[in-house]
Amino acid sequence: MLKIGESFIFEDDWSRRRSSLMYFEGDEDEAAAWSVDVAFAMGNFDGEQISPSLCINPIDTDKKSITELVGESFSVMTMEESFDREDSFYIYEHEPLVDYELKILEMENNKAHIKCSGTLVVDGYAQPYTKERFEIDSWIPIIESVKDWEKFGL
């Protein structure tokens, strides 16, 4: 579930491969890493029908397995950091986030319970740009290899 501001709520959308907690094992040349994508069903936002989504690109970790990520958190405190990492929130198009904190709370039945909150840019063309607070509380598929999608019929 996604809440934007005080008024707009969107349900999770697991109908395609758009939501996941991905874990990349790493090797001798690259560190292990994890990333999060969360997509939401079409809904009303300020009179427009949109399908918002969040993309948090790979985060390096010293964890040796995906289950060790329970309790992990990651945050970005500036829009410049979000822009450099290419993390984005899609409303009308992809925009960097002003700030956010992402937490992995638990894992069960091949899904991860995540929470993410912060400030997103709604309209980067507006002067000054329009921004809103957001909160996400979702269970998303855990994906370690392409074969894992089959567990979810995707």
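This is a predicted model: local features need pLDDT of at least 70, side-chain atom pairs count only at pLDDT 80 or more; totals for chains, interfaces and linings use all residues.
Residues are numbered from 1 along each chain as its sequence is written, and side-chain values use heavy atoms, with hydrogens and water left out.

Begin with the whole chain in a cartoon view. The chain holds 1 helix and 13 strands, taken as DSSP runs numbered from the N terminus (helices: H or I, at least four residues; strands: E, at least two). Along its principal axes, the C-alpha trace spans about 45 × 35 × 20 Å.

Next, select E86, in the loop between α1 (79-85) and β9 (88-90). The phi of E86 is near 65°, a positive value in a residue other than glycine. E86 is exposed, with a relative accessible area of 59%; exposed means over 50%, buried under 20%, and partly exposed in between.

Move on to N110, in the loop between β11 (97-108) and β12. N110 is not a glycine, yet its phi is positive, about 65°. N110 is partly exposed, at a relative accessible area of 38%.

Finally, select P128, in the loop between β12 (111-123) and β13 (130-143). The peptide bond from Q127 to P128 is cis, with omega near -10°. Most peptide bonds are trans, and most residues other than glycine have a negative phi.

How values were computed
Buried means under 20% relative accessible area, exposed over 50%, partly exposed in between (1.4 Å probe, protein chains only).
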